Amino acid sequence: MSDIKKFMYVNRRAPYGTIYAWESLEVVLIGAAFEQDVSLAFIDDGVYQLTKGQDTSGIDMKNFSPTYSALGDYEVNKIYVEKESLEERGLTLDDLQHLVWEDEDDDWAEKDSIRLVSRAEMADVLAEQDILFNF
Amino acid sequence: MSMLHIVNKSPYERNSLAAAVGHMTDGDTLLLIEDGVYAAIKGGAAAGNLEGKTVSVLGADLAARGIGVDKLVDGVSVVDYGGFVDLVEATDKSQSWL
(Lines give C-alpha, C1' and ligand atoms only; values in the text may rest on other atoms or scores of the structure.)
Protein backbone atom coordinates (compact mmCIF):
# COMPACT_ATOMS: atom_id res chain seq x y z
CA MET A 1 0.00 0.00 0.00
CA SER A 2 3.03 2.24 0.35
CA ASP A 3 2.95 3.00 -3.37
CA ILE A 4 -0.19 5.11 -3.03
CA LYS A 5 0.66 8.65 -4.00
CA LYS A 6 -1.08 11.91 -3.35
CA PHE A 7 -2.32 13.15 -6.72
CA MET A 8 -3.66 16.67 -7.04
CA TYR A 9 -5.35 18.15 -10.07
CA VAL A 10 -4.98 21.93 -10.09
CA ASN A 11 -7.71 23.75 -12.04
CA ARG A 12 -7.23 27.43 -12.89
CA ARG A 13 -9.35 27.96 -16.02
CA ALA A 14 -12.97 28.89 -16.63
CA PRO A 15 -15.10 26.04 -18.01
CA TYR A 16 -16.14 26.87 -21.60
CA GLY A 17 -13.69 29.39 -23.08
CA THR A 18 -10.98 26.74 -23.38
CA ILE A 19 -10.92 22.93 -23.24
CA TYR A 20 -8.77 22.76 -20.07
CA ALA A 21 -11.62 22.23 -17.59
CA TRP A 22 -13.19 19.40 -19.49
CA GLU A 23 -9.84 17.75 -20.19
CA SER A 24 -9.02 17.90 -16.49
CA LEU A 25 -12.28 16.23 -15.58
CA GLU A 26 -11.63 13.46 -18.10
CA VAL A 27 -8.17 12.81 -16.69
CA VAL A 28 -9.50 12.83 -13.11
CA LEU A 29 -12.07 10.18 -14.00
CA ILE A 30 -9.50 8.04 -15.80
CA GLY A 31 -7.02 8.47 -12.94
CA ALA A 32 -9.66 7.47 -10.40
CA ALA A 33 -9.30 3.88 -11.62
CA PHE A 34 -5.72 3.74 -10.32
CA GLU A 35 -6.70 3.97 -6.66
CA GLN A 36 -4.42 6.80 -5.69
CA ASP A 37 -5.12 9.46 -3.08
CA VAL A 38 -6.77 12.02 -5.35
CA SER A 39 -7.74 15.59 -4.61
CA LEU A 40 -8.76 18.56 -6.72
CA ALA A 41 -7.89 22.22 -6.33
CA PHE A 42 -9.91 25.07 -7.80
CA ILE A 43 -7.93 28.30 -7.91
CA ASP A 44 -8.36 31.61 -9.82
CA ASP A 45 -10.79 31.23 -12.76
CA GLY A 46 -10.99 27.51 -11.95
CA VAL A 47 -13.64 28.28 -9.32
CA TYR A 48 -16.05 29.10 -12.18
CA GLN A 49 -16.08 25.42 -13.11
CA LEU A 50 -18.18 24.58 -10.07
CA THR A 51 -20.97 27.19 -10.39
CA LYS A 52 -24.42 25.70 -10.10
CA GLY A 53 -27.19 26.07 -12.67
CA GLN A 54 -25.00 25.94 -15.77
CA ASP A 55 -27.18 25.69 -18.90
CA THR A 56 -25.27 25.46 -22.17
CA SER A 57 -28.31 24.95 -24.41
CA GLY A 58 -27.77 28.42 -25.91
CA ILE A 59 -24.10 28.00 -26.85
CA ASP A 60 -24.10 24.58 -28.50
CA MET A 61 -21.56 23.05 -26.13
CA LYS A 62 -21.76 20.05 -23.84
CA ASN A 63 -22.65 20.93 -20.25
CA PHE A 64 -20.16 18.81 -18.32
CA SER A 65 -20.88 20.41 -14.93
CA PRO A 66 -23.18 17.57 -13.73
CA THR A 67 -20.13 15.28 -13.87
CA TYR A 68 -18.60 17.01 -10.83
CA SER A 69 -21.39 15.57 -8.68
CA ALA A 70 -20.34 12.06 -9.77
CA LEU A 71 -16.79 12.46 -8.42
CA GLY A 72 -17.84 11.30 -4.95
CA ASP A 73 -18.79 7.90 -6.41
CA TYR A 74 -15.19 7.54 -7.60
CA GLU A 75 -13.87 8.29 -4.12
CA VAL A 76 -12.75 11.70 -5.27
CA ASN A 77 -14.00 13.64 -2.27
CA LYS A 78 -11.32 16.17 -1.41
CA ILE A 79 -12.22 19.22 -3.46
CA TYR A 80 -10.34 22.30 -2.32
CA VAL A 81 -11.78 25.68 -3.35
CA GLU A 82 -9.79 28.84 -2.70
CA LYS A 83 -11.75 31.45 -0.77
CA GLU A 84 -9.88 34.48 -2.10
CA SER A 85 -10.45 33.34 -5.69
CA LEU A 86 -14.20 33.22 -5.07
CA GLU A 87 -14.27 36.59 -3.32
CA GLU A 88 -12.27 38.39 -6.00
CA ARG A 89 -14.87 37.23 -8.51
CA GLY A 90 -17.92 38.29 -6.50
CA LEU A 91 -18.85 34.70 -5.68
CA THR A 92 -19.52 32.74 -2.50
CA LEU A 93 -19.79 29.04 -1.69
CA ASP A 94 -23.57 29.39 -2.22
CA ASP A 95 -22.96 30.01 -5.92
CA LEU A 96 -21.30 26.61 -6.29
CA GLN A 97 -22.77 23.14 -6.63
CA HIS A 98 -23.25 21.26 -3.36
CA LEU A 99 -20.92 18.30 -3.89
CA VAL A 100 -21.16 15.34 -1.53
CA TRP A 101 -19.84 11.82 -1.05
CA GLU A 102 -21.01 8.84 0.99
CA ASP A 103 -18.67 7.59 3.71
CA GLU A 104 -18.82 3.80 3.83
CA ASP A 105 -16.94 3.78 7.15
CA ASP A 106 -19.66 5.94 8.71
CA ASP A 107 -22.85 4.11 7.69
CA TRP A 108 -22.80 5.79 4.26
CA ALA A 109 -23.30 9.21 5.79
CA GLU A 110 -23.42 11.95 3.19
CA LYS A 111 -20.54 14.39 3.63
CA ASP A 112 -19.45 17.58 1.90
CA SER A 113 -16.70 17.17 -0.68
CA ILE A 114 -15.87 20.86 -0.99
CA ARG A 115 -13.34 22.28 1.46
CA LEU A 116 -13.18 26.05 1.38
CA VAL A 117 -9.59 27.06 2.13
CA SER A 118 -7.63 30.28 2.25
CA ARG A 119 -4.79 30.97 -0.17
CA ALA A 120 -2.28 30.22 2.57
CA GLU A 121 -4.00 26.93 3.38
CA MET A 122 -4.06 26.06 -0.33
CA ALA A 123 -0.31 26.59 -0.43
CA ASP A 124 0.06 24.03 2.36
CA VAL A 125 -2.23 21.56 0.58
CA LEU A 126 -0.19 21.91 -2.62
CA ALA A 127 3.02 21.43 -0.67
CA GLU A 128 1.94 18.10 0.81
CA GLN A 129 1.15 16.48 -2.57
CA ASP A 130 3.39 13.96 -4.35
CA ILE A 131 2.26 14.80 -7.88
CA LEU A 132 0.54 17.87 -9.34
CA PHE A 133 -1.40 17.89 -12.60
CA ASN A 134 -2.03 21.35 -13.99
CA PHE A 135 -5.00 22.46 -16.08
CA MET B 1 -18.39 57.58 -34.86
CA SER B 2 -19.54 54.98 -32.40
CA MET B 3 -17.83 51.69 -31.74
CA LEU B 4 -18.89 48.34 -30.35
CA HIS B 5 -16.13 46.91 -28.17
CA ILE B 6 -16.38 43.14 -27.83
CA VAL B 7 -14.57 41.29 -25.03
CA ASN B 8 -14.53 37.48 -24.83
CA LYS B 9 -11.81 36.84 -22.24
CA SER B 10 -12.03 36.61 -18.47
CA PRO B 11 -10.81 39.86 -16.89
CA TYR B 12 -9.04 37.77 -14.26
CA GLU B 13 -6.87 35.99 -16.81
CA ARG B 14 -6.24 38.54 -19.56
CA ASN B 15 -6.12 42.31 -19.83
CA SER B 16 -8.64 42.46 -22.72
CA LEU B 17 -11.33 44.15 -20.64
CA ALA B 18 -8.96 46.84 -19.38
CA ALA B 19 -7.70 47.39 -22.93
CA ALA B 20 -11.24 47.73 -24.27
CA VAL B 21 -12.42 50.08 -21.53
CA GLY B 22 -9.28 52.17 -21.88
CA HIS B 23 -10.09 52.79 -25.52
CA MET B 24 -13.79 53.56 -25.19
CA THR B 25 -15.11 57.01 -26.02
CA ASP B 26 -18.52 58.61 -25.52
CA GLY B 27 -21.28 56.81 -27.37
CA ASP B 28 -19.40 53.50 -27.48
CA THR B 29 -20.87 50.24 -26.22
CA LEU B 30 -19.11 47.35 -24.48
CA LEU B 31 -20.40 43.86 -25.26
CA LEU B 32 -19.27 40.99 -23.04
CA ILE B 33 -19.41 37.50 -24.54
CA GLU B 34 -18.00 34.04 -23.71
CA ASP B 35 -15.59 34.25 -20.73
CA GLY B 36 -15.87 38.05 -20.92
CA VAL B 37 -19.25 37.83 -19.15
CA TYR B 38 -17.50 37.14 -15.82
CA ALA B 39 -16.61 40.84 -15.71
CA ALA B 40 -20.26 41.72 -15.10
CA ILE B 41 -20.62 39.92 -11.77
CA LYS B 42 -21.50 42.35 -8.99
CA GLY B 43 -18.87 42.54 -6.27
CA GLY B 44 -16.14 41.15 -8.50
CA ALA B 45 -12.81 42.97 -8.58
CA ALA B 46 -13.26 43.63 -12.31
CA ALA B 47 -16.73 45.17 -12.03
CA GLY B 48 -15.34 48.67 -11.50
CA ASN B 49 -14.23 48.69 -15.16
CA LEU B 50 -17.87 48.89 -16.22
CA GLU B 51 -18.65 52.04 -14.27
CA GLY B 52 -20.09 54.81 -16.43
CA LYS B 53 -20.05 52.59 -19.52
CA THR B 54 -22.90 51.30 -21.68
CA VAL B 55 -22.61 47.55 -21.22
CA SER B 56 -24.40 44.58 -22.75
CA VAL B 57 -23.87 40.91 -21.93
CA LEU B 58 -24.77 37.90 -24.05
CA GLY B 59 -27.44 35.93 -22.17
CA ALA B 60 -26.58 32.50 -23.57
CA ASP B 61 -23.01 32.82 -22.29
CA LEU B 62 -24.24 33.88 -18.84
CA ALA B 63 -26.60 30.89 -18.66
CA ALA B 64 -23.88 28.46 -19.78
CA ARG B 65 -21.70 29.65 -16.92
CA GLY B 66 -24.44 29.49 -14.29
CA ILE B 67 -24.51 33.26 -13.71
CA GLY B 68 -27.99 34.48 -12.86
CA VAL B 69 -29.11 37.93 -14.00
CA ASP B 70 -29.48 38.83 -10.31
CA LYS B 71 -25.69 38.48 -9.96
CA LEU B 72 -24.97 41.25 -12.46
CA VAL B 73 -23.81 44.81 -11.93
CA ASP B 74 -26.77 47.22 -12.04
CA GLY B 75 -27.45 48.83 -15.40
CA VAL B 76 -25.99 46.04 -17.52
CA SER B 77 -28.37 44.84 -20.21
CA VAL B 78 -28.68 41.21 -21.21
CA VAL B 79 -29.03 40.58 -24.95
CA ASP B 80 -29.65 37.50 -27.09
CA TYR B 81 -27.94 36.76 -30.42
CA GLY B 82 -30.45 39.01 -32.20
CA GLY B 83 -29.51 41.80 -29.80
CA PHE B 84 -25.83 41.18 -30.62
CA VAL B 85 -26.65 41.76 -34.31
CA ASP B 86 -28.64 44.88 -33.43
CA LEU B 87 -25.62 46.31 -31.58
CA VAL B 88 -23.32 45.64 -34.52
CA GLU B 89 -25.83 47.36 -36.79
CA ALA B 90 -26.36 50.32 -34.47
CA THR B 91 -22.65 51.16 -34.21
CA ASP B 92 -20.31 52.30 -36.98
CA LYS B 93 -17.58 49.77 -36.25
CA SER B 94 -16.85 46.70 -34.15
CA GLN B 95 -13.59 46.06 -32.35
CA SER B 96 -12.92 42.64 -30.81
CA TRP B 97 -10.37 42.78 -27.99
CA LEU B 98 -9.21 39.16 -28.38
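## Chain A: order and overall form

Helices (H or I, at least four residues) and strands (E, at least two) are DSSP runs, numbered from the N terminus. With that in hand, chain A of this predicted model reads β-α-β-β-α-β-β-β-α-β along its sequence. Its radius of gyration, taken over C-alpha atoms, is 15 Å. Along the principal axes, the C-alpha atoms of chain A fill a box of roughly 45 × 30 × 25 Å.

## Chain A: inside and surface

Of the 135 residues in chain A, 45% are buried, meaning under 20% relative accessible area with a 1.4 Å probe, protein chains only. Take the contacts (heavy atoms within 4.5 Å) between residues at least 6 apart in sequence: 79% of them join residues at least 24 apart.

## A look at chain B

Over in chain B, strand β1 (residues 3-7) runs parallel to β2(B), and 4 bridges join them; strands pair if DSSP finds at least two bridges between them. H5(B) has L30(B) as its bridge partner in β2(B).

In a regular strand, side chains alternate between the two faces of the sheet. Strand β2 (residues 29-32) of chain B is covered on both faces: T29(B) and L31(B) are buried on one side, L30(B) and L32(B) on the other.

## How to read this

Residues are numbered from 1 along each chain as its sequence is written, and chains are lettered from A in the order in which they are written. Local features need pLDDT of at least 70 in this predicted model, and side-chain values use heavy atoms, with hydrogens and water left out.

Terms used. This is a predicted model: local features need pLDDT of at least 70, side-chain atom pairs count only at pLDDT 80 or more; totals for chains, interfaces and linings use all residues. The radius of gyration is taken over C-alpha atoms; the globule rule is 2.2 Å times the number of residues to the power 0.38. Buried means under 20% relative accessible area, exposed over 50%, partly exposed in between (1.4 Å probe, protein chains only).
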